Amino acid sequence: MAGGVAVKAKSGDGMRPSRPWVPWLLLMPGLLWLTVFFVIPLFDLGRTSLKNGGLSNFTNVFRNNSEVIGRTFVYALIVTVLAVLIGYPLAYFISMKAGRWKPVLLAGVVLPFFVTYLIRTLAWKILLFGGGPVAGVLRGLGLLSKDGEILNTHAAVIGALLYNFLPFMILPIFVSLDKVDRRLLEAAPDLYANGRATFRKVTLPLSMPGVFAGSLLTFIPACGDFINAELLGSDKQRMIGNLIEKNFLKEALRPQMSAISFVLMVLILVGVLIYARLLGTEELT
Amino acid sequence: MKKRSTFLGVWSAVVFAYMFTPILIVVLFSFNGSKTAAGAWSQGRYNYQWDKFSLDPWLNWNQYPDLTRAFVRSILIALVVVAISVVLGTMMSLALVKYDFKAKGIVNTLLVLPLTMPELVLGFSLLTLFASANIERGFVTIIIAHVMFCVSYITTTVKARIRGFDWGLEEAAADLGATPRRTFTRVTLPLIAPGIAAAALLTFALSLDDFIITYFNAGRVETFPVRIWNVRRSSIPPQLNVFGTLILLVCVALAVGGLFFQRRKLAALRI
Amino acid sequence: MTHESLGRRDFLIKAGLLGLSGPALLAACGSSKSTTTASAGAASGKGKKVSIASWPFYIENDQAPKDGATIKGFTAVTGYDVDYQIAVEDNVSFTEKYAPDLKKKKSIGFDVVVLTSWECANWIKNGWAAEIPAAKVPNKKNLLERLAKPDFDPTRKFSLPYALGQVGIAYYPDKIGFEITSMADFLKPELKGKTTILSEMRDSTGMFLLMQGVKPETATVDQILKAIDEIKKYRDQGHFKKITGNSYTEDLDLGDTWAAIAWSGDVAAIQEKKPELKWVLPKEGAMSFVDTFMIPKGGNVDAGAAWINYLYEPKVSGPLFEAINYASPVSGAGDSMTDKGKNSPLVNPPATADIHEFRSLTEDETAKVETAFSAATQQ
């Protein structure tokens, strides 16, 4: 026992157990659950994707749906870039300028999560339809023609995706900005001429892990979403998710649908593992 | 310097307006009364256009029993999910924080992966498993699916909260002759309880709100979001917004309450 | 639909005049002997439920159908609780959703489904429809003679029509600035991106066949494929905002759709809130359909039969169809309608209307045509 305490003091993050099976006993039920219902299904997905047709499932599904697949990644990319551009200044403001309002503003960022996803996406329909408030304002500003539409356009789907995933960008950036040592920033003016240089040379590099984490956390769910495209778009806005949603009950198409989600999984897995390798897993949660 | 602050302030205000407008709309449209008489076709069909302010949707919150039933069902599912995943997740986070052992990195990665996979992949792959194992989808499969991603959330949240605790207290208790069980209930649990409570709250909200994973594995069981999805083309009544607003209010109340409780506890500790 | 008619129907129920037959009627009037009969009937149905899968706008008050006169009356008379779900968006997607269970001979959870006649033909051929016990549906005798012997079910053993409807054009004259009288008008470039057509192959293709001067009753496969090509041409030009099932009503109700190929009763329902919406049968001719009851295998046959039998009562069918603005397949239903229903061209289509039916297709033809249609409308 005493030995355990001594080890703990050295390693700082946990002690070497006197009985090595203790941690495994604690881990087992959860690990078992994750193995059976998370890891094995991914293998099953791979297996199903090769049923009736083998690798041709992959080539077929990509050939027949290249437009939808391409659109999905373009949407997700635009959403991610916009989220950085919009979210970074806000995260910066909350971290550096908000003072005692910091917790309140942070709570504000999380607030949309407290409204059911489908309901808050439906709210966009109220805002965007032809006779709705947004169209009215845009027409008043001369930005939208009398017959112009917002619903059933790329802009509507991208805007709603951005809305739904923006907090995933803001929070990690905030966390990494908040960790920046303020003494560094105080010392910076002595080294650099102006605030802009301080930001570029000190703050921005230190917050990059947050930007990367936020980008993954925004890009990934945007890739897999079908709710925004279904509720606010037409068939010209369909994404990979809509394809799978439409066909998931058809057993004959299951191998092809598995193929497409398997590829999606591998791409994202690679991205996440590279990230974890370089920057650790802390900020992804 | 000053100019930059002003710009940041205005920018933040605009972004917050973007984030809050739909929430306002959700709440506002829970008070959308219909100009047409009861029983008219337009009643409860598409709650997209403002008619007039009315308390009717709140007073007749149970006008669409299928929706109410789905809502209650979702809450029951969330409670079961929280119960299971809190136990599993807390055990895992204790193991990960208190002990050093090989393969810790792998376990950590395994825990993060479900959180980074698109729900589409999680839901659909679980569906392929249930389909190839010939398992009927329904209540049980929904709970299985929810616990799968909630365990990860709980473990990572609790882990973050209890890191840096002085586990020496446990040994002290043991040295003083406390049984392991007593040590756990009197020392360990009080230490980790606030972290667990926060994680449980988060999990409850996640389970209640989950749609994509649930949808693929629900069979014919309709949770609240699945019900909304299934009737999205024919029934979007203001009562939907009533339930949405209720969830919002409860979450805000719990979050504020939690914050307040923590403040008081901290204040007490300082004395 | 008018509110008076609803009020009148409520009154009818309250007066107990909606009884199915003698005993029930007497029961409602308070005869002690028949009360026992009625309550015995109700008791036998107690705790029992009938689950119905139907389309939007297909029963009064379909958002809270239990408040509607038909279901209230049905429960009062039979004791059955009703679980009414608006579950059908279009025939193909509904069938696809439940086909895996139907193939495995598992119950799909519904005791009655309403699908269009041609889809019923598929179900019956696949053995997915249970026999409707004639003994439990005595009101079957009220079926209109001309609907009694379809080629897919010559003795109406597995199917009974629920409603007859028309496919026409709904449009907002104030938004488009002219009146639509023909399919050619509907396809004018001014309407680009502001129209919707139906994902039902027969309804949409039929309208294009008629435009090309071909009768859908006798069209050859080549002619049908040519009409589908025409649809594809307009779709590629972006003329249609969406090609959907019954959810076209959503954008039409919002006013984002200016003109739509639509189903008759839906339009009447939307007009209640949007009186400026107009309905027209194009001069090239219009399509019609017969939506039809079936009891899916695995469903509760007694429950399903009770529902179907109740709706074949002319006194029930009349006010119901006046309310939903479709034509009833029940003879004598018109006698229980007000003048408004009797004079409505939707409820009571004039014999002179140029309305067509799509011919039945062989299995090979169906495969060819449906594949072409889904390629033209979905890719």
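The paragraphs below go through a predicted model, chain by chain and contact by contact.

In this predicted model, local features are described only at a pLDDT of at least 70 and side-chain atom pairs only at 80 or more, while totals for chains, interfaces and linings use all residues. Residues are numbered from 1 along each chain as its sequence is written, and chains are lettered from A, with ligands numbered from 1, in the order in which they are written.

The average for chain A is 88, and 93% of its residues score at least 70. Over residues 1-12 of chain A, however, pLDDT stays under 50, and for this stretch the model has 13 contacts beyond four places in sequence, a contact being a pair of residues whose C-beta atoms, placed from the backbone, lie within 7 Å.

Within chain A, helix α6 (residues 117-128) packs against helix α8 (residues 154-179) at an angle of about 140 degrees, their axes lying 11 Å apart. Helices here are DSSP runs of H or I with at least four residues, strands are runs of E with at least two, and both are numbered from the N terminus; axes are lines fitted to C-alpha atoms, for helices over the stretch in contact, and angles run from 0 to 180 degrees between N-to-C directions. Because of that angle, α6(A) is oblique to α8(A), since angles under 35 degrees count as roughly parallel, over 145 as roughly antiparallel, 65 to 115 as roughly perpendicular and the rest as oblique. On the α6(A) side, A:Y117, A:T121, A:W124 and A:L128 meet A:A156, A:A160 and A:N164 of α8(A). This contact is made of 5 nonpolar and 2 polar residues, with no charged ones, where Ala, Val, Leu, Ile, Met, Phe, Trp, Tyr, Cys and Pro count as nonpolar, Asp, Glu, Lys and Arg as charged, and the others, Gly among them, as polar.

Turning to the chain interfaces, 74 residues of chain A are in contact with 75 residues of chain B. Helix α2 (residues 21-49) of chain A gives the largest share of the chain A side, 16 residues, and that side comprises 54 nonpolar, 13 polar and 7 charged residues. The contact between chains C and B takes 20 residues from chain C and 19 from chain B; the chain C side divides into 7 nonpolar, 6 polar and 7 charged residues.

Chain C itself has 16 helices and 11 strands.

Notes:
Two residues are in contact if their C-beta atoms, placed from the backbone, lie within 7 Å. pLDDT is the predictor's confidence in each residue, from 0 to 100.
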